[in-house]
Amino acid sequence: MQYDEAFPALPPNPSGPNSGPTSGLSSPGASSKWSQKMRIGSHTVTSVFHIPYEERSDRSHGSSFGEMDAMRNCAEISKDTGAHIEMSNSSRDQSLTFLVTGKQSAVLEAKRAILAAFQTQAQVQVSIPKEHHRFILGRGGANLSELETQTATKITVPRPSEDSTMITVIGTREGIEKAVHRIRLLSDEKSKQASERLSIPKKFHPFICGPNNVKVKALEADNAGIRINIPPPSVPSDEIFIVGEKDGVLRAVEIIKQYHKECERYAQISVEVGKAQHRHIIGPKRTTINEIFASTGVMVDIPPSDQPSETVTLRGPTDALGTALNLVYEKANSVITRTIEAPAWIHKYIIGRKGANIKNITLDYNNVDVKILDKENQIIIEGPPEEVEPVKEQLQICVNDLIENKYFQDIHVDPKYHKHIIGKNGANVNRLKEETGVIISVQDGESSSVIHLEGLRSGVEAAAAKLMEQVEKLAGEKERDLIVEHRFHGNIIGQRGENIREIRDQFNQVQITFPAPGEKRDVVTVRGPKDDVDRCCLRLSQIYKELLESSYQLKVPVFPQCYALVVGKGGQNIKKIREDTKTKFDLPPVDECKNKSEPEIIVITGKKENCETARDMILNIQNSQANVTQIEVMIPNQYHNWLIGTRGKLVQSISEDCGGVHIKFPDSKTKSDRVTVIGPKEDVEKAKSVLLEMTRNKEINSYTETLDAKAEHHRFLIGKNGSNIRKIRESTNTRIIFPNEGDPDVITIIGKKESVLEAKKQLQEVLKELDKVVESEIDVDPQHHRHFVLRRGEVLRQISDDLGGVQISFPKANRNSSRVSLKGASECVEAAKQRIAQIVDELNNRISIDVVIQQKHHRTIMGKGGSKVQQIQSDFNVEIKFPDRNPDGPSEVEVAPEETDEIKESDIIHVTGRPDNCEGAKQALLDQVPVIVQVDIPFEMHRFIIGQRGKDVRELMRLHDVNITVPPPDQNSNTISIVGSPKSAAAAKESLLEKRAELEAVKADKEAKSFEVELKVDRDFHPKIIGKRGAKITEIRKTYDVIIQLPKKDDPNEDIITITGYEDKALAARDAIMSIVNELSERVKIDVEIDNRVHSRIIGSRGKNVRSIMNDFGVEIRFPRADEPNPNLVTISGNDIDKIYDARDFLLNREEEYIQDVTDNEYMQQFVRDSNTGKEAGKKEKQSNGFVVKGAPWEHPPDTESKEEFPSFGNGLGSNESSMSRPLSSVWGPRKHF
């Protein structure tokens, strides 16, 4: 059979990019130039790329329908880059397809961001010689940045200080291929090895590589030491670059040329295949194309996805083209595409909850891919023909059913009403959804005014009508905001909302909204009909005004001795004042008023006039006490702050020294001189005398005068190192304060009046001399003029600023004159002439010496920002010039023990100045050359040297200007290295040794303090050792500085007490505890059985009764716990046996008194229970009036004042007090003790 019959030519495709034949045999390069259409350039480009599911970085984007995270990411990327991005999601294989449109730079940046966000990022490391890294980086990292943008990858180049040649590339597979190829190509170009470039058409590259690069790998293996760089398919380049040993490169070139000659004999065939079918020919990760290539030797060339061409080219041996073409058609036609028109609003119903509906439809058709496109209102189905048709049929039925039964409507509502339609936590909209059974989508914000309704037609129409009715109602309402302080919200709301409920009942059409308690806002919102809102706001404003008036607070200090009198017995005085004035009082506890010197503050709250009345009543009660008096002391206002002192410490100490009197200073705003003193008469007089005495002393020693003086004269008044001003201060015994920079030029003098006037006089005399302006001249060799006027006259400005603003004029350069004019105060001019002469002398005697220091130490010698070298220049008045830095030199400071004899130009530092100064500066520079000092410090102390997060070691390095290296924990080394100048390193070493000594001392002290003593003490004594609220054991711990551990309740060694501390103190603490135990052991203890039903009455409220009994008899009474076997057993213990038995008799008598009451109560309780039972049983019976008693005694209360109804016993035995104060005696006499 002829080839033309087997493979007839396809008809031309006028819509394709080529107008020539699109099918048939052709030799390479046979396409006519006339068949190529002219291309028109555009600033806007489009890029389409596909991310399979297995390469997605976050697979949850495709796990369910309706997920918006991916779209949100795309929107952010689009906003950042300015490119337009469209994304489609495959429902079958969960793959993503992106279409990016925009300017070229924006598209590249967007593609890089999308791949980084959505595609799994691989990582590859490539070894590139260190010397080639700078070519990859480029100037300022420009080459690296451009390469990252073009390949959509992240490339990490190691720093120059790192000893690594590995360059890391992170990105997608395609991007990594491009980046690695470019990096290797650049490195090979800079390599000194033999290299060859071969220009072979791109279409033949796959045949030279072979399937899965087997040919290239074989060539590199056979010729060791060579590397063959073939551009990956994504790089449009024809050049193949071979680098390595010369012989191997030549052999590889010959073999590749042979491959090329074979390829030129290959034929090619072009066929048109729909763009959508291309990915089925390519297969996942190009597996299908690679399979065709490996099995037939024919390479299938697919146009890039961002190009509209549909032409697929097959290239290879002539006898294999037929087989390959059959395979291409088989793969391309294995999938068909069908489209269903479906409105976007029903897509979510088709998908179902979490994709349930679409999964059910495609459950039996695993090879079908369903794409739902919201923007196009379409559903696209792809897959094998036998599976696509059934799926399409089911989806079409579903779409028709939804369109027939479902309905949607969009209504436009002003966004300001959305929050009212939604309601609190969605209450309103949820209620409407339940009533109508429709889906309501409301956007709570100002971005959209559309409310979307979906559901049955009747439900949608009903919901729309109700919404519009609510909107009309809202439009007729009014909303006002009231400002009410947050602290009053609770008062307006009332307890359990009683007050606000009353207001809401009064204005039932109004909605009142308070901010949440945690918001701390003052805005109360009122909404409703206009008239009701106005009246409600008026009512709330009145309430708020009343609350403001009644919330005035006044603080009244009460002298501690009078506090109980002011409060009154049981608080009766305060209660009466509160009732009379309708105010509230905030009182400090009465118990805390004892033994206090400072006054107690009573806070009164209410209306202002009522608070002032209450205050006057309290002060009247306080002043009624004869011993308390109040006086006013006149002290000038300017001394008040001084008498009060920092944080009131001075006035507090005066108050404590004078018996705790209350001293009250007036408000500083009133400018009043009246100081009030309240307290006992003697103490008040004492405080008055102290205040007046201190004020007099302050007046005498704080006389102040000011003196105006020009700023440029201040330094002359002060003198060198303050000598002039110190002489005046010492002779007059005054304080002379000069203003800070930027303040007015006023000098302040403080002290005694006559001394201040004398100091001012001396200063004025000095200023008079300084104000005399003179003119003078000095000869300066013209060769030195340039030094003074250099850098815009920096030296002259410095002289002028330092010497009172003297004016210095140098002759012009072309006059060749040596006369320099000076004008200013006489002393300033003379000082300036001396300074100029000194500078000229230095210039005449200047020399220049060289200091040889290796360049690697220069940065350390200069210091941060050149601070160290600047200090040396200032100290020795020299100029120091460092050589230019060698870019190929070391980038960090390294200290090496060996030195070389060779002197390099880059190691020479030039020092210029006077000979002696140059030598001093040279030595200072040499002293800054870093050395290594090692210190041995035990490994376990290193963490204390480092400190928390390295704080301590950083402070040491900052303090001594050194670098300290602590070995890592895995080395377990004791040696710490210090790098710095010899002096600094020695100081740092000394600090480390001191730190080591401190840590060793702490360790020794810790060991000494860990001495333990154990003693066995009966558990019954433990509460007594602890004491009330731990008072006793706390006192022992503080006294002996020990740790005392008592056993826990369930501890097997419940009798063992452990004491830890210094040996002598631990033993002393043990003796103190044993003394308590011995004292307790000597106590007598008896047990008595008392009915547990009366225990609570004997104990009393919070133990008040039993404490009174124990105090009266001097004993201790212990009642049984709930878990003890005998609940009636009470233990009495003490030192006096008689008092113990008296206490026992007293308790037994009380038992006799209380047991009868307990028995009677139990007896009555059974009737109460029977009555309750009868009520419950008779609930269903007809209610009646029941049994009614009339004329009972309780209807007429007795007259307690009547002696007939309450006669006196006459013998006092009826007195309650007497019966409670002593135990009842028996007719048989007192009990006998055996």
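**Strand partners in two places**

Student: Which residue is the bridge partner of Val633 in E28?
Tutor: Val675. This is a predicted model: local features need pLDDT of at least 70, side-chain atom pairs count only at pLDDT 80 or more, and totals for chains, interfaces and linings use all residues. Residues are numbered from 1 along each chain as its sequence is written, and side-chain values use heavy atoms, without hydrogens or water.

Student: How many bridges join E26 to E28?
Tutor: 7, with strand E26 (residues 628–634) running antiparallel to E28. Strands are DSSP runs of E, at least two residues, numbered from the N terminus. Two strands pair if DSSP finds at least two bridges between them.

Student: And how many join E27 to E28?
Tutor: 3, again antiparallel, from strand E27 (residues 662–664). There, His662 faces Ile678 of E28.

Student: Is E28 mostly covered or uncovered?
Tutor: Mostly covered. Of the 7 residues in E28 (674–680), 6 are buried, meaning under 20% relative accessible area with a 1.4 Å probe, protein chains only.

Student: New topic. What's the strand order in the open sheet with E40?
Tutor: E38-E40-E39, 3 strands, antiparallel pairing.

Student: Why is one side of E38 and of E39 left without a neighbour?
Tutor: E38 (931–936) and E39 (963–965) are edge strands, so each has a single partner strand. Neighbouring strands here are turned by 20° on average, direction ignored; axes are lines fitted to C-alpha atoms.

Student: Which helix packs on that sheet?
Tutor: H38 (residues 982–1008), touching E38 and E40. Contact means heavy atoms within 4.5 Å; a helix is a DSSP run of H or I, at least four residues. The direction of H38 makes about 10° with that of E38, on a scale of 0 to 180 degrees between N-to-C directions, the helix axis being fitted over the stretch in contact.

How values were computed:
Buried < 20%, exposed > 50% of the residue type's maximum accessible area, 1.4 Å probe, protein only.
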